[in-house]
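Reader: I would like to learn how to read this structure. Please take me through a few of its features.

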Amino acid sequence: MYKIDDIINFVLSNDLKYTGAHQSSHPRTKVTLQILEPEMQLKLIWKEFSNYIESHLLKGESIKIQNFGVFIFTNNNLINIKSNKEFTKSFLDMNKIFIAKLIFQLDNSYRNILKIFPDENFKKKIMQPMEYFEPKKIINWNPYLIAKKCFLSDLVINDGINNIFKAIYDLVKCGKNLEFELGFFKFIFNNKEVVYTKNDTFGL
């Protein structure tokens with residue numbers, strides 16, 4: 001079973017296939033910070049990327065990860081917030097708010113390599129109730145914001161994350177089993193089938 005550390009090592013050990021700035025060490029944008037070896041550098045990038053995804057989902061923002069999938073908040077219905085005592089104080093000055101559900105939709109590129117492709121109707125596994133969020137438009141992840149957290153250039157971030165997801169696709173295509181966490185979700189690819197579930201540490 002490939003964990004995220006194994007996937008990172010796979011990327012770095014296949015430098016001719018997964019080319020980019022992430023394959024070498026780079027100076028930090030804060031000069032007092034230590035320059036990291038490529039492996040530790042990529043682990044840091046993944047950690048901050050995962051935190052970045054989580055922070056946007058906690059704000060109710062749908063977010064797309066190119067060549068992997070999209071976290072989507074779907075609209076259910078409108079309710080009157082003043083008649084619902086369960087809403088938090090921060091929402092009291094609003095008249096209405098959507099009740100939303102969070103769905104993860106895997107990228108269509110996986111349709112040809114998985115035995116069963118989990119589309120948006122596959123609700124048993126992928127739908128999690130997420131209340132008290134106002135749905136917003138889907139955004140693309142921003143390497144610049146992660147670069148600020150890592151004190152690295154956005155080029156290193158962009159190349160690193162894109163190649164990790166390229167490697168995930170390649171490993172699944174070859175029939176390898178993978179298990180990794182992203183934000184507060186766990187993804188398991190087993191025998192060319194996929195399950196993704198919400199991590200218990202997410203309290204909503």
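Reader: What percentage of the residues of the chain count as buried?

Author: Buried means under 20% relative accessible area, exposed over 50%, and partly exposed in between, with a 1.4 Å probe and protein chains only as cover. Of the 204 residues in the chain, 43% count as buried. This is a predicted model, in which local features need pLDDT of at least 70 and side-chain atom pairs pLDDT 80 or more, while totals for chains, interfaces and linings use all residues. Residues are numbered from 1 along each chain as its sequence is written, and side-chain values use heavy atoms, without hydrogens and water.

Reader: How many helices and strands does the chain have?

Author: Helices (H or I, at least four residues) and strands (E, at least two) are DSSP runs, numbered from the N terminus. The chain has 5 helices and 8 strands. From the N terminus on, their order is α-α-β-β-β-α-β-β-α-α-β-β-β.

Reader: Which strand does E6 pair with, and in what sense?

Author: Two strands pair if DSSP finds at least two bridges between them. E6 (residues 178-182) pairs with E7 (residues 185-190) in the antiparallel sense, over 5 bridges. Glu179 stands opposite Ile188 in E7. The two strands, E6 and E7, form a hairpin with 2 residues between them, and Gly183 in the turn has a positive phi of about 65°.

Reader: Why is E6 described as largely enclosed?

Author: Of its 5 residues, 4 are buried, so E6 is largely enclosed by the rest of the structure.

Reader: How many aromatic pairs does the structure hold?

Author: Rings of Phe, Tyr and Trp (its six-membered ring) pair if their centres lie within 6.5 Å; planes under 30 degrees apart count as stacked, over 60 as edge-to-face and the rest as tilted. The structure holds 22 such pairs. Among them is the tilted pair of Phe68 and Phe180, 6.1 Å centre to centre with 50° between the planes.

Reader: Is Phe68 buried or exposed?

Author: Phe68 is buried, with a relative accessible area of 0%. Its ring also pairs with that of Phe187: the centres are 5.2 Å apart and the planes at 65°, so this pair is edge-to-face. Phe187 lies in strand E7, 119 residues from Phe68, and counts as buried at 0% relative accessibility.
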